[in-house]
Amino acid sequence: QVQLVESGGGLVQPGGSLRLSCAASGSIFSAYMMGWYRQPPGKQRELVATITTGGNTNYADSVKGRFTISRDNAKNTLYLQMNSLKPEDTAVYYCNFYGASGWGQGTQVTVSS
């Protein structure tokens, strides 16, 4: 059973920063493309960023230049560094294997003054 546990969310003022972490179980982490997703209140889940097994990254236009996805395969951990946060970034953030169907608890990010 694969487990993904997100952490690092919280309340932050506009313009602030947060670093999210995703701890993944299993030895297969390094062999898969990973992604960060988010679900704003009242909206559907959307893809935020992806990172390939080789470290290549892609970002949604809404976060490009502000967010950075990275991975530490030795620690089985995925990260999302979020800078210059905006109120519209408020959402529950999830990590997952790219293309997977199951979801974990996620971590709440609230950007408000």
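Which residue forms a salt bridge with Arg66, and how far apart are the closest N and O atoms? In this predicted model, whose residues are numbered from 1 along each chain as its sequence is written, the partner is Asp89, with the closest N and O atoms 2.7 Å apart. Local features were considered at pLDDT of at least 70 and side-chain atom pairs at pLDDT 80 or more, while totals for chains, interfaces and linings use all residues, and side-chain values rest on heavy atoms, with hydrogens and water left out.

Side chains of opposite charge can pair when their charged atoms come close. With a salt bridge taken as a side-chain nitrogen of Lys or Arg within 4 Å of a carboxyl oxygen of Asp or Glu, the count comes to 4 salt bridges. The pair of Arg66 and Asp89 links distant parts of the chain, Arg66 lying in the loop between S6 and strand S7 (67–72) and Asp89 in the loop between strand S8 (77–82) and S9, 23 residues apart; here strands are DSSP runs (E, at least two residues), numbered from the N terminus. Both Arg66 and Asp89 are buried, where buried means under 20% relative accessible area, exposed over 50%, and partly exposed in between (1.4 Å probe, protein chains only). Salt bridges that share partners join Arg66 and Asp89 with Arg38 and Glu46 into one network.

An open sheet is formed by 6 strands in the order S2-S10-S9-S4-S5-S6, with mixed pairing, two strands being paired if DSSP finds at least two bridges between them. Its edge strands are strand S2 (10–12) and strand S6 (57–59), each of which pairs on one side only. Direction ignored, neighbouring strands of this sheet are turned by 25° against each other on average, as judged from axes fitted as lines to C-alpha atoms (for helices over the stretch in contact), with angles running from 0 to 180 degrees between N-to-C directions. S4 and strand S5 (residues 46–51) run antiparallel and are joined by 5 bridges, and Gly35 has Thr50 as its bridge partner in S5.

Where a disulfide is defined as a pair of cysteine sulfur atoms within 2.5 Å, the model holds 1 disulfide, which joins Cys22 to Cys95 with an S to S distance of 1.8 Å. The link of Cys22 and Cys95 is right-handed, with 60° about the S-S bond. The pair connects distant parts of the chain, 73 residues apart, with Cys22 in strand S3 and Cys95 in strand S9 (residues 91–97). Both Cys22 and Cys95 are buried.

Two loop residues have positive phi values. Asn76, which is not a glycine, has a positive phi of about 50° and is placed in the loop between S7 and S8. For Ser84, likewise a residue other than glycine, phi is near 50°; Ser84 lies in the loop between S8 and S9 and is partly exposed, with a relative accessible area of 41%. Tyr32, in the loop between strand S3 (18–24) and strand S4 (34–39), counts as partly exposed at 42% relative accessibility.

Note on methods: Helices (H or I, at least four residues) and strands (E, at least two) are DSSP runs, numbered from the N terminus.
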